[in-house]
Amino acid sequence: MASMRDIKRRKSSIQGTQQITKAMKLVSTVKLQRARASAERSKGYFTCMYDTVNNILQRVGHIDHPYLTPGESRRKAVIVITSNRGLAGGYNSNVTKLVTRHPQWKKEDLDIYCLGNKGRETFVRNGYAVKECDNDIVESPVYADAAALSAKLLESFAAGEIGEIYLAYTGFKNTVSHVPTLLRLLPVEVDAAAAQSEGSGEATAIMNFEAEDTEALDLLIPKYVTSLIYGALRESVASENGARMQAMDNATSNAEEIISDLTLKYNRARQGSITQELTEIIAGAEALG
Amino acid sequence: MAEKSGFPVRIITPDRVFYENQADMVEFNTTEGEIGVLPGHIPMTVIVRPGILYIHETEGEKKAALHAGFAEILPEGVTILAETIEWPGEIDENRAKSAMERAERRIQGKAANTDLARAETALQRAVARIQVLK
């Protein structure tokens, strides 16, 4: 049995850890509330954007537009949104696994655009081509950042350097459920099921365009891509804090469990030492008498 | 159209719902020129160019500087997805003025590497900001 002193030391060290995890949990709870509020505020914009673009694509379904057909190149650009800091449970590894464990993708064909330091670390370690990395964006996403990134990607898509653009992020469903998601940005894919159910609902509304179809797409699709990236950033930030809150909650309750276990052991050891002392004294007294 | 209370107008930006109310008419600048939209308009999608947005409500008129985005017009309402839009109170006049001067100089300078389209958009934005303040 470990000595009383050892147990005591271990207990106080775990108590220290518990205080840290508790504090981190509180911090991420507050951050989560803020991130969730802003994710919800901007959600209307993205649903509207998504609906409109879907609507347009349904109507011009057979148009031959560069943004709607895969490029020549076999290279794929993947935007991966992770966090800058760890201690968020499986949050980061779940997103990176989407890319590293993808059944069809080959390491050589991928250009990784990392948002978040943790993702960059993983990809660099595994020998992926990390083209670009911007860690400051994820702290507090701004629309202009998303616009700059999407402009850059669309440019290399137009130049034929990359054939497809993907986005890997963590969708925020609610506080406890975060879904790692892989989404194809370009060529735009129309969600057939959603398009149909929507189409039947608004069959009467036929959209007209003032600008030419192709021209409208030229202008709309960059906005669409940008807003998807921005929306993904917002959701990922909310998910990150949600994941961290959960992880820290678990850590706190685990620490609680260990502490109560150690307390029991400590008391037992204390009782044991008292009993032993008593036995020794009695034995000594008997030997004298 | 005979509706007394006008039609719902929603203006959404990536960060907030900018405006949501009943209006009689909205006017703004598009790639095809300035348009005014009344209730019962045919369904149409237009791309926004920098300009002033007027919202005519029954109680009066509201102005805002609308810079980029697109609008979805339906007979029963208008939704403007704006990337950038500002109420007059949110505009810094001095900044807008210096931006206008900068853009004008760039256009007149005609340096070989000037991105003319970008400079023109910047100018339009600055002009819209200044006009909306007047």
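**Entry 1: two helices of chain A**

In which hand, left-handed or right-handed, does α2(A) pass α3(A)? I looked, and α2(A) passes α3(A) in a right-handed crossing. My reminder on the term: a crossing is left-handed if the near helix is turned anticlockwise from the far one by less than a right angle, and right-handed if clockwise.

Before going on, I noted that this is a predicted model, where local features need pLDDT of at least 70, side-chain atom pairs count only at pLDDT 80 or more, and totals for chains, interfaces and linings use all residues. Residues are numbered from 1 along each chain as its sequence is written, while chains are lettered from A and ligands numbered from 1 in the order in which they are written.

Helices (H or I, at least four residues) and strands (E, at least two) are DSSP runs, numbered from the N terminus. Two packed helices are described by the angle between their axes and the distance between the axes. For this pair, the axes come within 10 Å and cross at roughly 50°. That makes α2(A) oblique to α3(A); angles under 35 degrees count as roughly parallel, over 145 as roughly antiparallel, 65 to 115 as roughly perpendicular and the rest as oblique. Axes here are lines fitted to C-alpha atoms, for helices over the stretch in contact, and angles run from 0 to 180 degrees between N-to-C directions.

Who makes the contact? I found A:N92, A:V95 and A:T96 on α2(A), and A:K118, A:G119 and A:T122 on α3(A). (Two residues are in contact if their C-beta atoms, placed from the backbone, lie within 7 Å.)

**Entry 2: what covers α3(A)**

I then checked burial in α3, residues 117–125 of chain A, and found A:K118, A:G119, A:R120, A:T122 and A:F123 buried. A residue is buried if 20 or more other C-beta atoms lie within 10 Å of its own, exposed if 12 or fewer, and partly exposed in between, with C-beta atoms placed from the backbone. The cover over these residues includes β1 (76–81), α2 (91–100), β2 (110–115) and β3 (129–133) of chain A. After the helix comes A:G127, with a positive phi near 75°.

**Entry 3: where chain A meets chain B**

I looked up the contact between the chains: 22 residues of chain A touch 21 residues of chain B. On the chain A side, α1 (4–59), β6 (208–209) and α6 (213–288) each supply at least two residues. The most comes from α1(A), with eight residues.

**Entry 4: chain B as a whole**

Chain B has two helices and eight strands, in the order β-β-β-β-β-β-β-β-α-α along the sequence. Its C-alpha atoms fill a box of roughly 55 × 30 × 25 Å, taken along the principal axes. Of the 134 residues in chain B, 33% are buried.

The domain assignment, automatic or from a database, gives domain 1 (7–88) and domain 2 (91–133) of chain B. Their C-alpha centres lie 23 Å apart. Where they touch, domain 1 gives 10 residues and domain 2 gives nine.

**Entry 5: one glycine**

Is B:G77 buried, exposed or partly exposed? I found it partly exposed, because it has 17 C-beta neighbours inside 10 Å. B:G77 sits in strand β8 (residues 77–86) of chain B. Leaving aside neighbours within four places in sequence, B:G77 is in contact with B:F7, B:P8 and B:V9. I also noted B:P39, 38 residues away along the chain, with its C-alpha atom 6.9 Å from that of B:G77.
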